[in-house]
Amino acid sequence: MHERSSVGELADQLRRELDRYSPGGKLPSSRALVERFRVSPVTVSRALARLAAEGLVVTRPGAGTFRARPRAAAAPAGDTSWQEVALSAEGAADLVPRSVDASGVLVSLAAPPPGVIEFNGGYLHPSLQPERAMAAALSRAGRRPGAWGRPPVEGLPELREWFARSVGGPVTAAGVLVTSGGQSALTTALRALAPPGAPVLVESPTYPGMLAIARAAGLRPVPVPVDADGVRPELLADAFRATGARVFVCQPLFQNPTGAVLAPARRGEVLDIARRAGAFVVEDDFVRRLVHEDAGPLPRPLAADDPDGVVVHVCSLTKATSPSFRVSALAAHGPVLERLRAIQVVDTFFVPRPLQEATLELVGSPAWPRHLRAISAGLRARRDAMTAALRLHLPELALPHIPSGGYHLWLRLPDGTEGGSRAFGPAGESALTAAALRAGVALAPGRPYFSAEPPAGHLRLSFAAVAGTGEITEGVRRLRAACDEVLG
């Protein structure tokens, strides 16, 4: 049995048996628990630690483990109604409300109920994560001289150099800041480049987390439509002229959610349009390491073709490793670099050195290229399984683009047929999402990906967060049942 499931099962069993002991009563010894449940000492130790963290038991070194005494009654809750006035008054003069709506982000972060297939996940399933390689890297990193000391605020020089080589072109280690995850890097970039109340151009549709970042900073997201070849340059130029914006945020490679790759002919055009507008392009290169086996050579990052400092580049290792491996980089050159650095220092000081050291150990090990090859093959197999299942069971859901990288598919719901039957539209997303959850599959509805009114109803289905191709096939079968329920 997997160690983590053994720990959970043992903790559940001990939790159920706690009533046998009076408060302060001693539980059986660790050795007795090992013999009784036929698990390892490590499993017993972790299960007891879990109960201690819940306040159910107390462990005393050399004495044993005891049932915790009842906690004192909680103090009555205070009156927090004054906060409604304070928070509302704070934003009364803001040109753009700065309230934070995290619902679009939480869809991909929240774990679904037991038995529900996770088509809404934003990270690799544990079976695809390099757990052993990460554990070994963390262990080696902890033994490095000075591993627990204070790192340079910009990041370890060797790690900055590695990120710079990954980007290429004019990017050097001096222009790289090591950051704590892509979301943090994007937040820093937007705070550095646009004052509250300013417009910021975003792809439409786009990642809900980007829209949440912009709105929380008091910025006004302005949508620029994308097609199969990425953002449409003529509409980008129109948006710059109409709004006076000085920032455009984009994902040129395997865009979230459409999976589009910015066409070669558009790459230079996008940079030229931004340069003429005196604007920055924030390049979110979030899934470069999640390329599928059949993708062929990838285009370079936009930053690699930008000698003039137009591009502020963001890249992360999180998507290719684990949601808890939050190491990323900001790359820029020119005066903007100092502003980015200052904001990061004020917000977070620096990324913990042990995590940076572990990153160097991981990406420098033979396990790293093996892992990238494994997920490249695994993601392709999962993508093909989901595509085949959708075509077989749900042909009415349009799949305009099958990406060769990333971890999801973007589906358009049918607008309807003659007589108005079998129609979803944007309003049908919530009904279908709810029906799918009842059927045992969690979806990501399309509405949060649009900063303005969506042109149609959509779904984003992730194939990376599930256990394998069999679960994908079963999930699509459940989605078929949900569609039948909604359509009647």
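A residue counts as buried when its relative accessible area is under 20%. Keep that cut-off in mind for helix α7 (residues 157–167), whose buried residues are Leu 159, Arg 160, Trp 162, Phe 163, Ala 164 and Val 167. What you're looking at is a predicted model, and its protein chain holds 16 helices and 15 strands. Here's a quick tour, from the whole chain down to single peptide bonds.

**The chain as a whole**
- The protein chain runs to 488 residues, and buried ones make up 50% of them.
- Take the contacts between residues at least 6 apart in sequence: 74% of these join residues at least 24 apart.

**Helix α7 and its cover**
- An α-helix has 3.6 residues a turn, so residues three or four places apart point the same way.
- In α7, the buried set includes Leu 159, Trp 162 and Phe 163, along with a charged residue, Arg 160.
- The cover over the buried residues of α7 includes strands β4 (176–179), β10 (311–316) and β11 (328–331).
- Helices α13 (353–363) and α14 (367–393) are also among the elements covering those residues.
- Just past the end of α7 comes Gly 168, with a positive phi of about 85°.

**Two helix pairs**
- Two packed helices are described by the angle between their axes and the distance between the axes.
- For helix α8 (residues 182–193) and helix α12 (residues 336–348), the axes come within 9 Å and cross at roughly 125°.
- The α8–α12 crossing is right-handed.
- On the α8 side, the contact uses Thr 188, Ala 189, Arg 191, Ala 192 and Leu 193; facing them in α12 are Val 336, Arg 339, Leu 340, Ile 343, Gln 344 and Asp 347.
- Sorted by type, the residues of this α8–α12 contact come out as six nonpolar, two polar and three charged.
- Helix α6 (residues 131–142) packs against α13 at an angle of about 120°, with the axes 8 Å apart.
- α6 and α13 are therefore oblique to each other as well, and their crossing is right-handed.
- From α6, the contact draws on Ala 133, Met 134, Ala 137, Leu 138, Arg 140 and Ala 141; from α13 come Pro 354, Glu 357, Ala 358, Glu 361 and Leu 362.
- The residues in the α6–α13 contact split into eight nonpolar, no polar and three charged.

**The loop between β8 and α11**
- Asn 256 sits in the loop that links β8 (247–250) to α11 (264–276).
- With a relative accessible area of 2%, Asn 256 is buried.
- Leaving aside residues up to four places away in sequence, Asn 256 touches Pro 205, Thr 206, Tyr 207, Gln 251, Phe 286, Tyr 407, His 408, Tyr 449 and Arg 460.
- The peptide bond from Asn 256 to Pro 257 is cis, with omega near 20°, and Pro 257 belongs to this β8–α11 loop too.
- Phe 254 is in the loop between β8 and α11 as well, and its relative accessible area of 2% makes it buried.
- The phi of Phe 254 is near 55°, a positive value in a residue other than glycine.

**Other backbone details**
- Most residues other than glycine have a negative phi, and most peptide bonds are trans.
- A cis peptide bond joins Ser 204 to Pro 205, with omega near 5°.
- Pro 205 lies in the loop between β5 (199–204) and α9 (208–216), and is one of the residues that Asn 256 touches.
- Arg 38 isn't a glycine, yet its phi is positive, near 55°.
- You'll find Arg 38 in the loop between α2 (30–37) and α3 (41–53), where it counts as exposed at 78% relative accessibility.

**Helix α16**
- Arg 477 is part of helix α16 (residues 469–487).
- Its relative accessible area is 45%, so Arg 477 counts as partly exposed.
- Arg 477 and His 393 are 84 residues apart along the chain, but their C-alpha atoms are separated by 6.9 Å.

Note on methods:
Residues numbered from 1 in each chain as written. Predicted model: local features only at pLDDT ≥ 70, side-chain atom pairs only at ≥ 80, totals over all residues. Heavy atoms only, no water. Helix = DSSP H or I, 4+ residues; strand = E, 2+ residues; numbered from the N terminus. Buried < 20%, exposed > 50% of the residue type's maximum accessible area, 1.4 Å probe, protein only. Contact = heavy atoms within 4.5 Å. Axes fitted to C-alpha atoms, helices over the stretch in contact; angles between N-to-C directions. Left-handed = near helix turned anticlockwise from the far one by under 90°. Parallel < 35°, antiparallel > 145°, perpendicular 65-115°, else oblique.
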